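The sequence and the structure come first.

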Amino acid sequence: MTITCETSGPAAAPARPTFREAVKIWAKIGCLSFGGPAGQIALMHRELVEERRWIGEQRFLHALNYCMLLPGPEAQQLATYIGWLMHRTAGGLVAGLLFVLPGAVVMLALSILYALYRHVPLIDAAFLGAKAAVLAVVVEALLRIGRRALKNRPMVGIAGLAFLAIYVLHIPFPLIILAAGLAGWVGSRVAPVLFQSAGHAGAKADTNGVVDQMFERGELAHAEPSLRRAAGIITVWLPLWLGPVAVLWAAFGRGSVWTQIGSFFSLMAVVTFGGAYAVLAYVAQAAVDGFGWLAPGEMLDGLGLAETTPGPLVMVLQFVGFLAAYRAPGILNPMLAGCLGALLTLWVTFAPCFFWIFLGAPYVEALRGNRALGAALSAITAAVVGVILNLALWFAIHVVFRQVVSVDWRGIGPDLPVLSSIDWRAAGLSAMAMFAMFRFKLGMLPTLAACGMAGVALAALG
């Protein structure tokens with residue numbers, strides 16, 4: 001992802017914001033962070049680089065490059081990184097939490113409404129339209145990421161192999177990511193020109209941002225690498241992240257829905273390279289076919305809800321955790337269980353994001369010129385394109401067709417639609433959504449709203 005900014009020349013940096021002033025801006029960003037990672041990063045760039053000059057252009061891009069190397073939502077981690085630079089750990093916590101909380105509250109409310117009123121006919125019709133729009137959004141993401149990642153034949157080959165691996169061979173997503181990273185690392189030594197990655201070269205130092213001036217004055221001692229500090233972060237944050245999962249495992253056993261939620265989404269927090277779209281197919285298949293938490297169409301419903309809320313798109317996992325616990329509450333009230341499931345999902349999804357930043361940010365300079373690491377990232381991004389293609393195909397056959405059959409030959413084989421079961425309403429709405437987004441460049445939220453209303457209109461017409 002590349003962001004450019006024209007400047008008229010060097011200027012004195014504004015005064016360092018107080019912690020209270022920073023909290024207000026982080027809350028504003030959290031409430032306005034619609035549009036996926038591209039829109040969220042553009043919003044932060046405008047607020048923090050262009051308008052307030054809290055951080056210089058090159059340091060902003062350098063921080064973004066580091067966050068793109070990490071699993072998890074890069075925009076939320078970028079906010080945490082910048083908040084940490086300005087106000088240490090407290091600043092990072094506030095920036096990261098306020099980026100997530102507005103969307104989390106909205107998503108929880110929408111999940112509750114979905115559980116209570118999902119089968120009301122007009123609501124069901126609106127979700128039919130939303131699913132069609134979500135399919136168009138996923139296809140648009142596939143094309144956007146593909147244009148950026150597939151620059152040569154080796155990258156196209158990696159994407160194709162990743163698609164076949166997950167769609168036909170059912171190889172787990174984490175193994176595909178590891179294999180792609182290894183291929184990139186080897187490729188950087190065999191054919192470095194084909195596996196080079198942009199964004200890791202050295203850059204000129206900024207001098208006109210608040211953070212940059214703090215660095216010049218020697219006020220960023222907390223950003224210097226320290227083995228003692230790293231050990232302290234590991235000692236604190238690993239138990240905070242995984243401790244609740246271990247307690248649930250000991251208390252309820254491996255088969256409990258609480259243990260399943262905690263352990264599964266903890267794994268997702270480690271392998272979500274390439275953004276939410278890359279992991280959604282794997283989550284959808286595990287939640288539907290593996291754990292039985294959701295029906296196929298419900299994952300699409302959750303993604304549609306997540307597209308309409310501020311914050312990271314990976315917030316859809318909260319929807320999955322809510323329904324998983326809501327439908328297996330044990331002795332608890334189902335609604336209370338659902339809320340606790342959503343909270344547990346949020347915790348194990350986002351606690352690692354703070355861990356990655358607080359642990360790795362002081363060492364970020366060592367990563368800037370690492371060509372092997374950049375090549376591994378390029379290969380992983382190419383593999384992500386293949387995984388997103390699987391996601392788009394998986395969504396398409398479950399939206400447009402009412403019946404799907406699994407071809408199984410010794411444990412391998414794809415899912416194929418029953419052609420006679422086509423839902424012409426869904427097919428038409430999907431075509432309309434794609435035409436609106438690709439031909440008229442209609443935004444995501446207007447497309448979702450238009451398709452939702454079209455679905456209601458079709459239901460009303462019989």
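A residue is called buried under 20% relative accessible area, exposed over 50% and partly exposed in between, with a 1.4 Å probe and protein chains only. By these limits Phe 435, at 48%, is partly exposed.

## Basis of the model

The model is predicted: local features need pLDDT of at least 70, side-chain atom pairs count only at pLDDT 80 or more, and totals for chains, interfaces and linings use all residues. Residues are numbered from 1 along each chain as its sequence is written, and side-chain values use heavy atoms, with hydrogens and water left out.

## Overall build

The protein chain holds 18 helices and 2 strands. Both kinds of element are DSSP runs numbered from the N terminus: helices are H or I with at least four residues, strands are E with at least two.

Along the principal axes, the C-alpha atoms of the protein chain fill a box of roughly 70 × 50 × 45 Å. The radius of gyration of the protein chain is 22 Å, which agrees with the value near 23 Å that a compact globule of 462 residues would have. This radius is taken over C-alpha atoms, and the globule rule is 2.2 Å times the number of residues to the power 0.38.

## Contacts, surface and charge

Of the 462 residues of the protein chain, 52% count as buried. Among contacts with a separation of 6 or more, 75% join residues 24 or more positions apart; a contact means heavy atoms within 4.5 Å.

The protein chain has 30 positive and 22 negative charges, whose mean positions are 2 Å apart. Lys and Arg count as positive, Asp and Glu as negative, while His and the chain ends are not counted. Each charge is placed at NZ of Lys, CZ of Arg, CG of Asp or CD of Glu.

## Aromatic pairs

A search of the whole structure finds 17 aromatic pairs. Rings of Phe, Tyr and Trp (its six-membered ring) pair if their centres lie within 6.5 Å; planes under 30 degrees apart count as stacked, over 60 as edge-to-face and the rest as tilted. Phe 264 and Phe 265 are edge-to-face, because their planes stand at 65 degrees, with ring centres 5.1 Å apart. Phe 264 is buried at 8% relative accessibility, and Phe 265 is buried at 0%. Ring pairs also link these two with Phe 291 and Trp 293 in a cluster.

Phe 435 and Phe 440 make an edge-to-face pair too, at 5.3 Å between centres and 80 degrees between planes. Phe 435 is partly exposed, whereas Phe 440 counts as exposed with 55%.

## Single residues

Which residues other than glycine have a positive phi? Arg 88 is one of them, with phi near 60 degrees. Arg 88 sits in helix α4 (residues 74-117) and is partly exposed at 47%. Lys 441, also not a glycine, has a positive phi of about 55 degrees. Lys 441 belongs to the loop between α17 (424-438) and α18 (444-460) and is exposed at 66%.

Leu 175 lies in helix α7 (residues 173-190) and is partly exposed at 48%. Leu 175 and Leu 346 are 171 residues apart along the chain, and their C-alpha atoms are separated by 24 Å.
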